[in-house]
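Please read this report with the model open beside it. It goes through the helices, sheets, domains and contacts in turn.

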Amino acid sequence: MFPFTLEQPSDIPAAIQLGEAPAAEYIAGGTDMVQLLVDDIRRPERLIALGGIVDNRIETAPDGSLRLGAGARMSDVADDPAVRASFPLIAETLLASASPQVRNMATVGGNLLQRTRCPYFRDPGFRRCNKRSPGTGCEAMEGVNRTHAVLGGSDHCIATHASDVAVALVALNASVHLRRRSSERVVRLEDFHRLPESTPHLETVLEPGELIVAIEVPPAGSFAQHSHYLKVRDRASFEFALVSAAVALNTEGDRIRSARIAMGGVGTKPWRMHAVEEALAGSALDSSAFRMASERSAGGAVSRGGNAFKLELMKRTLTRALEIAAGTA
Amino acid sequence: MPVHAIQVTLHVNGQQYSLPHLDSRTTLLDALREHLKLTGTKKGCGLGMCGACTVLADGRRIKSCLALAALYQDHDITTIEGLAQGNAAELHPLQTAFIEHDAFQCGYCTSGQIMSAVGLLREGHTRSLTEIREFMSGNLCRCGAYMNIAAAIAEVAGTPREPAGFP
């Protein structure tokens, strides 16, 4: 681990002032940060601790919207009665993530900012990684790329975004409240993560020093009744997704009024499936309609050899998730 | 490279420990083992993947290898050494159950398994063996003592027995 000074500011404005400095990084739950520090992948000179000062409240407003303080623990959000009742998709994705110990430590804000599980990024024994050392190249292009993205990749990077809850939040039209020294702004989560393009080391729209202070989810309404998160992975628990699908259906009788769908494990960021949603609007609640609509999930997908199986797996995962959400499985 | 030493006070098993010159990079796990000499907590992978380092912070199970010691000064830490009541004269029910069910072979993961199970009991995710297994998935056992670990926890939690033939 590279030596760092550990700052424990007494409030958020003080933290942001410290966080603007070059080579400063924030630490909240620390579950991803400490791994990256131990492996020398991140080398901050100053670490700014947010524990105890970042908002960790979980609140539902009278209109049914949900506000998660960025410092809320994954386990607290997953166990919250209001979240479970009105946003079961969020609780489900959180419980499908990591381990109970990590969920007791990690925050939902930090979860959105976790770095990729690309094995080349995570192993500094490999010199080349455009995310870790910009401009050095990408081992995954011709290397072991079974876990990598088929959507949103560039010639510079095909690493996936590893979060589960971000997939649900993107499907549910969530936004993030961001704070800088003199201003606050709200960004749709779908626009928060960047595509790698030629700068894969820049993963979000966050400016230096800028913090996520809260996540806001609009009222889920009747979407809560028919939702499901299906995570396909190499072992039954405590594993990242090969492919995952978050689906929420607003139904009327035996038809779908509208659908909200996003997928994980397939994209370089949490991937909203607008084309599938369009195909499902007005369609019947039956498996053949789900299969036809799911075909669209792989539109524009590009495989690099090892991850070719995802092109089929993503359609089948989505079909199955839709069947479970609709209650026709 | 300069090392940044800081003053850290930890509260472990009801006792206060002062570490006046702790390297800021020290994890809670290393502080417990190397500085407080509480070596019951084990270091397996050091990266949050195996669970051998599980301790309680304010009663909630965490992985001490992913925690910076300096950020846990305001928490009550419980390690395996602090589990038994009355100077280790009386074992925690889970410790007794692990012995009775032969829930270990080499024993390296055991303190982490037990601390994790203590956290699990408090969380209440023990309604079935399947739920116990899912909520113990953060603790690996290379010897494969999982069957007996789950049985030991189920006994203490009062989990209903599964029908015969459960894998």
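H3(B) lies across E3 and E4 of chain B and runs at about 35° to E3(B). Here helices (H or I, at least four residues) and strands (E, at least two) are DSSP runs, numbered from the N terminus. Axes are lines fitted to C-alpha atoms, for helices over the stretch in contact, and angles run from 0 to 180 degrees between N-to-C directions. Two residues are in contact if their C-beta atoms, placed from the backbone, lie within 7 Å.

This is a predicted model, in which local features need pLDDT of at least 70 and side-chain atom pairs count only at pLDDT 80 or more, while totals for chains, interfaces and linings use all residues. Residues are numbered from 1 along each chain as its sequence is written, and chains are lettered from A and ligands numbered from 1 in the order in which they are written.

**Helix against helix in chain B**

H3(B) covers residues 110-123 and H5(B) covers residues 146-157. Their axes come within 11 Å and cross at roughly 35°. The crossing is right-handed; that is the word when the near helix is turned clockwise from the far one by less than a right angle, and left-handed when it is turned anticlockwise. From H3(B), Gln113(B), Ala117(B), Leu120(B) and Leu121(B) meet Ile149(B), Ile153(B), Val156(B) and Ala157(B) of H5(B). By class, this contact has seven nonpolar residues, one polar and no charged. Ala, Val, Leu, Ile, Met, Phe, Trp, Tyr, Cys and Pro count as nonpolar, Asp, Glu, Lys and Arg as charged, and the others, Gly among them, as polar.

**The two sheets**

Chain B has an open sheet of five strands in the order E2-E1-E5-E3-E4, with mixed pairing. Two strands pair if DSSP finds at least two bridges between them. The edges are E2 (15-23) and E4 of chain B, and each pairs on one side only. From one strand to the next, the twist averages 40°. Inside this sheet, E1(B) and E5(B) run parallel and are joined by two bridges. Val12(B) stands opposite Ile77(B) in E5(B).

Chain A also has an open sheet of five strands, ordered E4-E5-E8-E6-E7, and its pairing is antiparallel. E4 (58-60) and E7 of chain A are the edge strands. The twist averages 20° from one strand to the next.

In E5(A), Leu68(A) stands opposite Ile215(A) in E8(A). E6(A) and E7(A) form a hairpin with four residues between them. Arg179(A) stands opposite Glu184(A) in E7(A).

| Strand pair | Direction | Bridges |
|---|---|---|
| E5(A) (66-69) and E8(A) (211-217) | antiparallel | four bridges |
| E6(A) (175-179) and E7(A) | antiparallel | five bridges |
| E1(B) (5-12) and E5(B) (76-78) | parallel | two bridges |

Is E7(A) buried or in the open? It lies largely in the open, because none of its five residues, 184-188, is buried. A residue is buried if 20 or more other C-beta atoms lie within 10 Å of its own, exposed if 12 or fewer, and partly exposed in between; C-beta atoms are placed from the backbone.

**Domains**

Domain bounds come from an automatic or database domain assignment. Chain A is given domain 1 (5-49) and domain 2 (222-326). Their centres, taken over C-alpha atoms, are 36 Å apart. Chain B is divided into domain 1 (5-82) and domain 2 (93-157). Here the centres are separated by 21 Å.

In chain B, 14 residues of domain 1 are in contact with 13 residues of domain 2. On the domain 1 side, E3 (54-57) and E4 (60-63) each supply at least two residues. E3(B) gives the most, with three residues. That side has six nonpolar, five polar and three charged residues.

**Where the chains meet**

The contact takes 20 residues from chain A and 28 residues from chain B. On the chain A side, E1 (5-7), H2 (31-38) and H6 (100-105) give two or more residues each. The largest share, five residues, comes from H6(A). By class, the chain A side has 11 nonpolar, nine polar and no charged residues.

Phe4(A) sits in the segment before E1 of chain A. Phe4(A) is buried, because 22 other C-beta atoms lie within 10 Å. Not counting residues up to four places away in sequence, Phe4(A) touches Pro44(A), Glu45(A), Arg46(A) and Leu47(A), along with His4(B), Ser24(B) and Arg25(B). Phe4(A) and Pro44(A) are 40 residues apart along the chain, and 6.3 Å separates their C-alpha atoms.
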